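Biologist: Can you put the model up? I would like to go through how its parts meet.

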Amino acid sequence: MKLDLAPVPRGVDADELLALSDRSGKMLQKIRDSMLQPFPRKQAPIYPSNKVQALCSIDKTKMNYLLKRGELPTGKQEAPGRMRYFTLAETMQWVKKTVDIPERAPGQKGKIITVGNFKGGVTKTTTSMMLAQGLTLRRCRKVLILDLDPQGSTTTFFGINPHAEIDAEQTILPLVDGSVEDLRHAPMKTYWDNLDLIPSSTDLFNAEFMLPAKVHQGDETFQFWKVLRRGLEPLLDEYDYIIIDTAPTLSYLTINALFAGDSIIVPVVPDALSFASMVQFWSLFSDLIGGLQSNKHTEDSKVFDYIDILITRIPKKPTAELVKDWIIKTYRDHVLPVEIPETPLAMNTSAEFSTVYDMPSYDGSTDAYRRIAEPFDRLVDLIDNKTCALWETEKQPSLI
Ligand SMILES: Nc1ncnc2c1ncn2[C@@H]1O[C@H](COP(=O)(O)OP(=O)(O)O)[C@@H](O)[C@H]1O
Ligand SMILES: [Mg+2]
């Protein structure tokens, strides 16, 4: 039998490659244009007065008294006697005035918190987002969130399509390729007051080639794991917090994120598989910190303010209780005293790229809302209280 041969391949020369590259670029532009159309732009929530009262721990009478004094925004009312509504910025002014929040002293630096775990789906992105929003809302902090996952989920939470709308120049890549010294150019304003974003895009994958390439270029003094910390350092005068959301991989970028953190939060879901993968996380993490520290170029050794585990997305199952016990027995005071339950509300809000803080009010059951909102409020307060304690100690060097 005679085989039916294919036509002879005609070869690909440089011109053909150029044409292919040109066509790819044009197609990407088309895809970007079409993706841009339906992408929803987010708006900050408008909170009803009862929510503002809860945030400020004041009752209606106290609010009315403060309104009469005329020093705080009055919000909007459809008609006299009706519910008042406050913008997010107005709400923050109320919190600032009524809650006694310790301030960061002039000259003191903000804190970098890295949210990491090499496992996906453990709520790293949700936790980063809730922390960032919560710290601005409950403690009037100025926060920067850095999306270091090339998948760009955090960026999407801001109503921005990371793959269609973000160029490499807007991410941390210019820092990685050495074309800028620091990241002062990068933060962009978002729909949420006092919360800025350094977005991600698929281009971030390139960092995984750029950083090792620099290592191999033979520059003996180049410490690839310190690039991000150096780039963020000048921003710590402006921001009280920089929250870094990471990818679920041990990549060059994740290593940078772990080294950049003053502290690390490791969210973990209490099931046996996640426990096993967290064991691996600690082993790799300690090897990494220990290994890079013993490098002859590292003179200053890394000390984290704290490394905390957040038990999260806890299902109502006996096995979850069991694994929770293992976690608490193993990691003891590294486990944050707050438990985030698994709830349909949390799942639904994040499916729509929003969080419970984005919800001005909730039409469903108040219990369902409280079950997820209260532990997050507590988490935000716990973290800010730790930071306040650290800032206080730093003010008095003799106490260290
Ligand atoms: N408290 C919760 N209860 C139920 N589902 C949740 C909760 N928190 C997050 N989720 C869901 O878990 C999934 C993973 O969360 P995500 O924050 O994207 O994790 P990661 O960034 O670690 O991959 C998301 O689909 C989200 O909807
Ligand atoms: Mg994520």
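**Between the domains**

Modeller: This is a predicted model. Between domain 1 and domain 2 the count of salt bridges is zero.

Biologist: And how many residue pairs are in polar contact between domain 1 and domain 2?

Modeller: Two residue pairs are in polar contact there, both at pLDDT 80 or more.

Biologist: Which elements give two or more residues to the side of domain 1 that touches domain 2?

Modeller: Those elements are β1 (47-48), α2 (49-56) and α4 (88-98). Of these, α4 gives the most, with six residues.

Biologist: What about that side of domain 1 by class?

Modeller: The side of domain 1 that touches domain 2 has seven nonpolar residues, two charged and one polar.

Biologist: Back up a step. Where are the bounds of the two domains?

Modeller: The domain assignment puts domain 1 at 47-98 and domain 2 at 111-399.

Biologist: How far apart are their C-alpha centres?

Modeller: The centres of domain 1 and domain 2 lie 32 Å apart.

Biologist: And how many residues are in contact?

Modeller: On the domain 1 side 10 residues are in contact with 12 residues of domain 2.

Biologist: What area is buried between domain 1 and domain 2?

Modeller: About 950 Å² is buried between the two domains, and carbon and sulfur atoms give 66% of that area.

Biologist: Which three residues of domain 1 supply more of its buried area than any other three?

Modeller: They are Y47, L88 and M92, which supply 51% of the area that domain 1 buries against domain 2.

Methods. Residues numbered from 1 in each chain as written. Chains lettered and ligands numbered in written order. Predicted model: local features only at pLDDT ≥ 70, side-chain atom pairs only at ≥ 80, totals over all residues. Heavy atoms only, no water. Domains from an automatic or database assignment. Contact = heavy atoms within 4.5 Å. Buried area = accessible area lost by both parts, 1.4 Å probe. Salt bridge = Lys/Arg side-chain N within 4 Å of Asp/Glu carboxyl O. Polar contact = N/O pair within 3.5 Å; in protein donor to acceptor, adjacent residues only side chain to side chain. Helix = DSSP H or I, 4+ residues; strand = E, 2+ residues; numbered from the N terminus. Nonpolar A, V, L, I, M, F, W, Y, C, P; charged D, E, K, R; others polar.
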